[in-house]
Amino acid sequence: MRRSHPVVSTTEDGNVGKLGFAKGMVIQELGWDEDTDDDLRADIEDLIDAEMLDDDAIDVMDAVVLWWRDGDGDLVDALVDAIGPLAEGGFIWVVSPKTGKDGYVDPSEIAEAAPTAGLSQTKVVNLGDWSGSRLESRARGRR
C-alpha cells in the first residue's frame, strides 16, 4: 500500500524540491561515493526528516536515489535491483554527472535502460553538477 505524503513545492526547496520527496518518506540511497553531492544529500535528509537508507536496508522504500556514473557497471541490473524494495507507486531517481563532468553518463543510456528494467522515464531535472532522471514503473496505474 502506498503511503500518502504531502508534496513540497519546488520553488521553496531548490534542487531537492524538484525530486518530489516529502517528510516521512523512506528513501534508499545507492551508489554513494566520495564524489556525490553532499549538499543535495543533506537537503534530502532534512526534507524527509530522516537519513536515507543504504543498500543493506531491509524496508519498503518510497523512492530510491541511485548515484550513477560511467563505468559503474550494468545500469539495467542496478535498476532491477533498485525496484525490488519499492512500494507500489515508488520511483527511482538516477542521478548522474552532467555533461563534461567526470563520470558523465549519456542521457540516452538511462532512457534505453529504463524500459528494459520495466520502467519509464517521466522527468529529467538539473541538480547543479548532476542531472536527475525520474523513473517509474510502466505498470503504474494499470489494473
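Analyst: Asn126 stands opposite Ser131 in S5. This is a predicted model, and the account that follows describes it as such. The strands S4 and S5 pair in the antiparallel sense, over eight bridges. In general, the strands of a sheet pair through backbone hydrogen bonds, in either a parallel or an antiparallel manner.

The sheet as a whole is open and has five strands, in the order S1-S2-S3-S5-S4, with mixed pairing. S1 and S4 stand at the edges with a single partner strand each, so one side of each has no neighbour in the sheet. On average, neighbouring strands of this sheet are turned by 20° against each other, direction ignored.

Helix H3 lies across S1, S2, S3, S4 and S5 and runs at about 145° to S3. Within H3, which spans residues 75-83, the buried residues are Leu75, Ala78, Leu79 and Ala82. Viewed down the axis of H3, these buried residues fall within an arc of 100°, so they line one face of the helix. Their packing partners are strand S1 (27-30), strand S2 (61-67), strand S3 (86-97), helix H4 (107-116), strand S4 (119-127) and strand S5 (130-137). The N-terminal end of H3 is capped by Asp74, a side-chain oxygen of which lies 3.0 Å from the backbone nitrogen of Val76.

The charged pairs come next. A search of the whole structure finds seven salt bridges. One of them joins Glu29 and Arg41, with the closest N and O atoms 2.5 Å apart. This pair links distant parts of the chain, since Glu29 belongs to strand S1 and Arg41 to helix H2, twelve residues apart. Both Glu29 and Arg41 are buried. For Glu29 the relative accessibility is 9%, which is under the 20% limit, and Glu29 therefore counts as buried. Leaving aside residues up to four places away in sequence, Glu29 touches Arg41, Met52, Leu53, Asp54, Asp55, Val65 and Trp67. Glu29 and Arg41 also belong, with Asp38, to a network of salt bridges.

Helix H2 comprises residues 38-48 and also holds Asp43. With a relative accessibility of 37%, Asp43 counts as partly exposed. Asp43 and Gly14 are 29 residues apart in sequence, and their C-alpha atoms are 9.3 Å apart in space.

A further salt bridge is formed by Asp35 and Arg69, where the closest N and O atoms are 2.8 Å apart. Asp35 lies in the loop between S1 and H2, and Arg69 in the loop between S2 and H3, so the pair ties together parts 34 residues apart in sequence. Asp35 is partly exposed, its relative accessible area being 35%, whereas Arg69 counts as buried at 8% relative accessibility.

Another salt bridge involves Glu136 and Arg134, whose closest N and O atoms are 2.7 Å apart. Glu136 and Arg134 are both buried.

Definitions and conventions. Residues are numbered from 1 along each chain as its sequence is written. This is a predicted model: local features need pLDDT of at least 70, side-chain atom pairs count only at pLDDT 80 or more; totals for chains, interfaces and linings use all residues. Side-chain values use heavy atoms; hydrogens and water are left out. Buried means under 20% relative accessible area, exposed over 50%, partly exposed in between (1.4 Å probe, protein chains only). Helices (H or I, at least four residues) and strands (E, at least two) are DSSP runs, numbered from the N terminus. The arc is that of the directions from the helix axis to the C-beta atoms. Contact means heavy atoms within 4.5 Å. A polar contact is a pair of N or O atoms within 3.5 Å; within protein, one must be able to donate a hydrogen and the other to accept it, and residues adjacent in sequence count only if both atoms are side-chain atoms. Two strands pair if DSSP finds at least two bridges between them. Axes are lines fitted to C-alpha atoms, for helices over the stretch in contact, and angles run from 0 to 180 degrees between N-to-C directions. A salt bridge is a side-chain nitrogen of Lys or Arg within 4 Å of a carboxyl oxygen of Asp or Glu.
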